[in-house]
Amino acid sequence: EPTVGLDIHTRSALWNFICRLAEGGTSVLVASHHTEEIEFLCDTIVILDHGRVLAQGTSQELKNAFAPTLALLKVAEFETRTQLEEAARLIESNEEAVRVVVDDSEGGRLFVGLRSADASPEHIRRSFADSLGISPQDFFAFSMQHPTLDDVFLAATGHTLRDAPWRESDTPPPSRRRARG
């Protein structure tokens, strides 16, 4: 982890040095859990978990393989779970959708894994509106979220925060004493 504890200026200088080495033909191995740094510095990324290689490729190859771009849809305030599940069924039949997850909180939402990371939001919005038989402007909420390397790592390893060796109840409450400054 070459930049742990470095200030912004020194970190930037080290990144520039690593990039110059690589541009000069030197292979540089960087081990880090700072995925933004890895994505910036590295052409090829290897995901390791407990000493095992789980995947390798470019940032985009790994994102395509492990973590689809997501669309968040909220069509309306659904009154019943049945209405929400019917909307999910209609979206699942759309060629742009890979997987649909129903979230019945906040009046009902759908999280849709997209087949293509390159599709424009306007195209996806129109396509899903067509599947639902509504106008694209009728969505109560619509957004797209592209995956990060953190998403890829969690998907590749199958780990989540739940898998941490501690429970929230094991963590002491924050101190009520104020720091002096």
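Visitor: How do the residues of the lining of the second largest pocket divide into nonpolar, polar and charged?

Guide: This is a predicted model: local features need pLDDT of at least 70, side-chain atom pairs count only at pLDDT 80 or more, and totals for chains, interfaces and linings use all residues. Residues are numbered from 1 along each chain as its sequence is written, and side-chain values use heavy atoms, without hydrogens and water. Now the lining of the second largest pocket: eight nonpolar, three polar and two charged residues. Here Ala, Val, Leu, Ile, Met, Phe, Trp, Tyr, Cys and Pro count as nonpolar, Asp, Glu, Lys and Arg as charged, and the others, Gly among them, as polar.

Visitor: What volume does the largest pocket have?

Guide: Rolling a probe the size of a water molecule over the atoms shows where empty space is left. A pocket is an open set of points on a 1 Å grid over the protein atoms alone, where a 1.4 Å probe fits, with protein on both sides within 12 Å along at least five of seven lines; lining residues have an atom within 4 Å of a point. A volume is the space filled by probe spheres set on the points, which are joined across faces, edges and corners. The largest pocket has about 730 Å³.

Visitor: Which residues lie nearest the centre of the largest pocket?

Guide: Val30, Ala31, Ile38, Ile45 and Val46, out of 24 lining residues. The lining divides into 16 nonpolar, six polar and two charged.
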